[in-house]
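Try each task yourself before you read its solution.

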Amino acid sequence: TFQHYFKRINLRRNDLRRSGLTMVTQLSNAEVQFIIDGVEQDFRSDGRAAEDYRQIELETRVLPNTNGSARCKLGKSEVLVGVKAEVVDVDVHAPHIGKLMITADLSAVASPKFVGKGSEALENDITNVLSFLYNSTETVPLKDLCIVKGESCWLLNIDVLFVQCGGNLFDVASIALKAALYSTTLPTVRVSGEGIEMEMEVSDDPYHVWKLDVSSCPICVTLHQIGSSFAVDLSEEEVACSEGYLHVGVMPDGEVSSMEKAGAGNIDPTTLLEMVEVGVRVGEEIHRQLNKQLDAERSLAKL
C-alpha cells in the first residue's frame, strides 16, 4: 500500500546534503534557472523531455576471471560490474537461502572529486540503494543459491566500479548489475554423504554450469524534483538543481519492489504518486530495452 511505502521513504530524507550528489561544478543563478525552466517546460537543455533517458550502451562478459560481468554506459556515466561466486556457510537466521554482497567503488579516475575519502558517502549511498533493491527473495531467487539447507550456500560478491561519472549513478549501476547477473554462470555442485561425512565437489567443467533466473530482477529509476516539476536520468549539471529525489525499484512486470525518498526537499503526496507512476512507466520501457539487448547478446554468443 502507499502508506507502507511512505514509511520506508522517510528513512533517507537528509542523504542529499551529505552524499557526493552535491559535489558538482558550481552553476550560476542564470544557469540554474535555465535548467529549472527547461524541466518545467518539458524541454531540457540537451533536447530531452522530462521522462527521456539518454542512450544506454550495454555489453556483458567483459571481465575475465569472473562468474559474470557487464559494462553499461549512460550518457557520460560508465560502470563495470563483476560477479564472483564462492561457497560459504549459510546464515543461521536464513538457513535456506544464498547471499549477495554488493560493494560500490567510485574511482578517482572517474572524477577528481573522488580522490581520498571524497567518494565514501556516495559509495555507501549507492551500495545501500542497490542492496535494498535486492534484499527480497521476490526479486532474486536466493533459494536457488542454497546448496545444502542449514549448511552451505553460494555467496555472490558483486563489485560495482564507476569508470566515469556523468549523473544518474544509481540507475546506471542497477542496469549494469542486472546485466551482470544475467550473464552469471555457476558451477554444479555434487553433494555426497551426511553430517560430518558430507563432501561437496564443485565441478570445474565449463559446460557443467547453471544460470540464475533474473527474470524478476528490478532496476532503479531515480526521479529528481526540480522546481515545480521532476525528471529522470539527470546530468551532473541538472543534479545541482535538484531539491530531492525518489528511488523507485521497478520489476519487469511493473510492480514496485522498493521505494526510497532522499534529499532535503519535501515532496507532497500528490506529486509523489505522479513520480511513482512515471517511474514505473519508464522502468517498464527500460526493462524491455534491456531484455532485448541481453537476448541479442545471448544469441550472438551461441553462434
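**Exercise 1: A helix and its surroundings**

At 42% relative accessibility, N128 counts as partly exposed, where partly exposed is the range between buried (under 20% relative accessible area) and exposed (over 50%), with a 1.4 Å probe and protein chains only. Before going on, note that this is a predicted model, in which local features need pLDDT of at least 70 and side-chain atom pairs count only at pLDDT 80 or more, while totals for chains, interfaces and linings use all residues. Residues are numbered from 1 along each chain as its sequence is written, and side-chain values use heavy atoms, with hydrogens and water left out.

Task: find the element that holds N128 and describe its span.

Solution. 
- Step 1. N128 belongs to helix α4; helices here are DSSP runs of H or I with at least four residues, strands are runs of E with at least two, and both are numbered from the N terminus.
- Step 2. Helix α4 covers residues 120-133, which is 14 residues, and reaches 20 Å from its first C-alpha to its last. That is close to the 20 Å expected at 1.5 Å a residue, the expected span being 1.5 Å times one less than the number of residues.
- Step 3. Buried residues of α4 include L122, I126, V129 and L133.

**Exercise 2: An aromatic pair**

Task: which residues form an aromatic pair, and how are their planes arranged?

Solution. 
- Step 1. Apply the rule: rings of Phe, Tyr and Trp (its six-membered ring) pair if their centres lie within 6.5 Å, and planes under 30 degrees apart count as stacked, over 60 as edge-to-face and the rest as tilted. The count comes to 1 aromatic pair.
- Step 2. The partners are F170 and Y245, 6.2 Å centre to centre with 35° between the planes, which makes the pair tilted.
- Step 3. This pair links distant parts of the chain, since F170 is in helix α5 (residues 169-182) and Y245 in strand β13 (residues 244-250), 75 residues apart.
- Step 4. F170 is buried, with a relative accessible area of 4%, and Y245 is buried too, at 0%.
- Step 5. Now look at the whole of α5: 14 of its 14 residues are buried, so the helix is largely enclosed by the rest of the structure.

**Exercise 3: A charge over a ring**

Task: what sits over the ring of Y182?

Solution. 
- Step 1. The criterion is that NZ of Lys or CZ of Arg is within 6 Å of the ring centre and within 35 degrees of the ring normal.
- Step 2. The charged end of K211 is placed over the Y182 ring, 5.5 Å from its centre.

**Exercise 4: The largest pocket**

Task: describe the lining of the largest pocket.

Solution. 
- Step 1. A pocket is found on a 1 Å grid over the protein atoms alone, as an open set of points where a 1.4 Å probe fits, with protein on both sides within 12 Å along at least five of seven lines; lining residues have an atom within 4 Å of a point.
- Step 2. There are 13 lining residues, and G98, K99, L100, Y134 and L142 lie nearest the centre.
- Step 3. Strand β4 (residues 99-106) gives the most to this lining, with 4 residues.
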